[in-house]
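Hello,

Here is the structure we talked about. Please open it and keep it beside you while you read the notes below.

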Amino acid sequence: MDRTLADVADASDGRLLEIAEVTGTDADSRRLREIGFCAGAPVRFIRRAPLGDPAMYELRGALMSLRRSEARRIRVHRAGA
Amino acid sequence: MTTLVRLRPTTPPRRPGRIAILGAPNSGKTTLFNALTGHRAKAGNYPGVTVDRREGDLQRRFGADGVRLVDLPGVYSLEPQSEDETVAVRVLEGGFGEAPPDGVVGVVDATTIERGLPLLAEAAGLGLPVCVALTMIDELKARHGEIDPKELQDRLGVPVVGVVGNRGLGIDDLGALVSSPWDWTPGPGLLHGAEAKTPEDRFGWAREVLGACRRQAPEPNRWTRRLDRFLLHPAIGSAVFLAFVAFFFQAIFTWATPAMDFLSGLMDGLADQILATLPDTAFTRLLADGVIRGVGAVIVFLPQIVLLFTVILFLEACGYMARAAFVVDRVMGWVGLEGRCFIALLSSYACAVPGIMATRTIPSPRDRLTTILVAPFATCSARLPVYILLIAAFIPADPVLGPFTWQGLTLTGLYFLGTGAALLSAAVFKRGLLRGATLPFYLELPPYRLPRPSDIALGVWDRAKLFLRRAGTIILAASVVLWFLLNLPRRPADPQLSVTENQRAVLEGSYAASAGRLLEPVFAPMDFDWRINVGLVASQAAREVMVATLAQIYAHEGEDGEGLGVLLAGSGEGGAPPLLSRASALALLVYFAFAMQCMSTLAVIRRETGGWRWPVFTFAYMNGLAWLSAWLTFVLASAAGA
Ligand SMILES: Nc1nc2c(ncn2[C@@H]2O[C@H](COP(=O)(O)OP(=O)(O)O)[C@@H](O)[C@H]2O)c(=O)[nH]1
Ligand SMILES: [Mg+2]
């Protein structure tokens, strides 16, 4: 079952996941893909900010933070699934 | 399907060559630029420090003459969304009336190579010769990672050198390489990547390239993880942060005061010496009172400025600033802005001018304008002398809790007041005037890095020089003009009166006094007299001029060694009455917290927004708010019996 990164952050699920797709074709989704959130990339939830949002993810060796409004656009599944 | 990649002729070389430094934010570009050119452009451990292109000549010792380097703002791709990204792309495509660069140094962080390569492919797609600087080799090794630059070079088909920019390792090799971009013939590896059309294709290509290299990916940065667990903890993290801030403002009073008293004694001694040795002419008095005492009153705050910037630069260099943006992003979301706006606001605590420049990283024009309009509320370093002088004079130094006194807490409160005003006004603007959707927010969080003391020291030195230069130019000029306005028209000395009394008479009848009295209807509700009014008008040139004004007015009051603060508070037995009641002093502090009193800020707002409309608007609404809040403070404080 695919979930979004926002669900993953809500569940504080720190397992290694793989990006299935980034929904939308607008400039925003393109930018998310350009910074590395694109299909096939491994991604891992690290922590939420003290106030609950945004959340920090590990992506291609770097720590990236996304608000949940963006995290909702990124669908993920278990790595290797 | 293959596209033909345009390759610009690489021979014969046209000199001088121009080489652009391209890379993701925080990959180490500015550090390399500085190492190659010998410049000292500001680098910092958070994205968005460089927002404009900056040029410098490659140092001769690398073997070539007349090679120019262009440092660019960090970009993730060549499809720009924000102003700083546009600058980078325009340089590469040949904008600003210049030809495209003769080559590109692609800066790639060795700990996140996969993220750095796609950009190189895009640059190669523009037909530009590319070489690669692999930075942060030291961090890669520390995290047990490994890569052979030679092997990457073979896979990409372009020269690759490993460097540790901030320690100068590998810089000689890079310098030699940069001296001859005409030899960088792109091989098939990179050209293959250049054909990729989508981000997916480019990242896929990057993984292929890396997959073909024998390499060891670095382990997670354990120190960063541990520190984050602590500093980003909801309870502990906030407590640590608040304690740190309060402690810092307390230190400004307790630690910096001895150094300040020393400087203050020096200035007074110098002024007295001049009055005692030179013949008593108007020029002597201008020199002693207008120049030495006026400008000196500002210079004595150098220790506090140094302390402030040591802390700010440390926080920037260690990687905490980006975390602060991460923590506060939620609050920024409530007011309708994003974390990057917060980074721009943070820079404004040093000075609103670079802060407003830093808004170039904000992609949404409305968010950017909102941030520009509220950035001057951030408590810039020019407010510090005024705050410290008034607090030391009118707020008791009684301890409140542990090492904290009312003085330190008042200063802390003023910083929060500025921040609150910025956030609230932003919320108002975003709900009304500048309503609009928020763009996606992404922020890369760099690892924590232990700053090198020499880097911080150099940075602080630069800021101290800037402060002294301000004192020697704009504040000096304002101080001299004020001296004339405070001492003209001349009047014959009355032999019945003492020197001090005569001086008071001159001041009371001066042009400045008349001007100050003219303003009394405006500021009478807060009980400001003409002396404060003159200071308020004069500080329109620069906030510190307030201090210089008061120093001149009080030049001949009081005993030897009595500081300006003591005089303002009134010396009790038979001496001058206090300049202000405590309620008025609080009102004045609040006025300074909110008022727009800085020509350079107005000028930069005009430049960044392209017209007079927004600077005029900022001036009007900030000063209006300042007046209202000062009045409210006065009323409340008077009611409370202050
Ligand atoms: N350990 C290490 N730190 C580096 C290296 N190069 C740069 N830095 C640090 O990384 C941070 C970002 O550098 P900067 O030059 O401002 O990056 P830019 O945003 O690409 O211009 C700064 O704190 C530098 O001191 C390096 O090779 N090794
Ligand atoms: Mg930079």
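Strand S5 of chain A (62-66) and strand S9 of chain B (residues 442-445) pair in the antiparallel sense over 4 bridges. Strands here are DSSP runs of type E with at least two residues, helices are runs of H or I with at least four, and both are numbered from the N terminus; two strands pair if DSSP finds at least two bridges between them. In this pairing, A:Ser65 stands opposite B:Leu443.

This is a predicted model, in which local features need pLDDT of at least 70 and side-chain atom pairs count only at pLDDT 80 or more, while totals for chains, interfaces and linings use all residues. Residues are numbered from 1 along each chain as its sequence is written, chains are lettered from A and ligands numbered from 1 in the order in which they are written, and side-chain values use heavy atoms, with hydrogens and water left out.

The contact (heavy atoms within 4.5 Å) takes 34 residues from chain A and 43 residues from chain B. Together the chains bury about 3400 Å², 55% of it on carbon and sulfur atoms; buried area is the accessible area (1.4 Å probe) that two parts lose on being put together, summed over both. In chain A, the residues that lose the most area to chain B are A:Arg31, A:Arg60 and A:Arg67, together 22% of what that side buries.

The interface also has 6 salt bridges (a side-chain nitrogen of Lys or Arg within 4 Å of a carboxyl oxygen of Asp or Glu). One of them joins A:Arg30 to B:Glu79, at 3.1 Å from N to O.

Regards
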